[in-house]
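Hello, and welcome to a short tour in questions and answers. Please have a look at the model first.

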Amino acid sequence: MGGPAAAAVDDCVAREMPETPAQMRSRVDITLKLAHAAIYRPSKELGELLGNCFGLSERLGDARASSYILYWMAFLENA
């Protein structure tokens, strides 16, 4: 996955929900699921989504999500 699918998820989530803590958490969760599903087809767009969600997880103070996001970002960097 990636490319148009990743952009569609990001665009859909960004437009459909106001920026509340619950929305930010949902966006982080959805992006992490996308990263896990895209393990065999990594994309540059997914890296950008993860970068955006890292900022959200930091704003939420979610250290666990931040760690997972950094893991996937490192994986994509070396894929």
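Residues are numbered from 1 along each chain as its sequence is written. This is a predicted model in which local features need pLDDT of at least 70 and side-chain atom pairs count only at pLDDT 80 or more, while totals for chains, interfaces and linings use all residues, and side-chain values use heavy atoms, with hydrogens and water left out.

Q: Which helix of the protein chain has the lowest confidence?
A: Let's start with pLDDT, the predictor's confidence in each residue, from 0 to 100. The protein chain averages 85, and 77% of the residues score at least 70. Helix α4 (residues 63-77) has the highest confidence at 94, whereas the lowest, at a mean of 60, belongs to helix α1 (residues 4-16).

Q: What pattern does the protein chain follow along the sequence?
A: Helices (H or I, at least four residues) and strands (E, at least two) are DSSP runs, numbered from the N terminus. The protein chain has four helices and zero strands. Read in sequence order, the pattern is α-α-α-α.

Q: Is S57 buried or exposed?
A: S57 sits in helix α3 (residues 44-60). Buried means under 20% relative accessible area, exposed over 50%, and partly exposed in between, with a 1.4 Å probe and protein chains only. Because its relative accessibility is 0%, S57 counts as buried.

Q: Why does S67 count as partly exposed?
A: S67 is placed in helix α4. S67 and S57 are ten residues apart in sequence and 9.4 Å apart in space, C-alpha to C-alpha. S67 counts as partly exposed because its relative accessibility is 47%.

Q: Which residues is S57 in contact with, leaving aside its neighbours within four places in sequence?
A: Contact means heavy atoms within 4.5 Å. With those neighbours left aside, the partners of S57 are V28, D62, A65, S66 and I69.

Q: How do the residues lining the largest pocket divide into nonpolar, polar and charged?
A: The lining consists of D29, L32, K33, H36, D62, R64, A65, Y68 and W72, with α2 (21-37) and α4 each supplying at least two residues. Ala, Val, Leu, Ile, Met, Phe, Trp, Tyr, Cys and Pro count as nonpolar, Asp, Glu, Lys and Arg as charged, and the others, Gly among them, as polar. The lining therefore divides into four nonpolar, one polar and four charged.

Methods
On a 1 Å grid over the protein atoms alone, a cavity is a set of points where a 1.4 Å probe fits but cannot get out, and a pocket is an open set with protein on both sides within 12 Å along at least five of seven lines; lining residues have an atom within 4 Å of a point.
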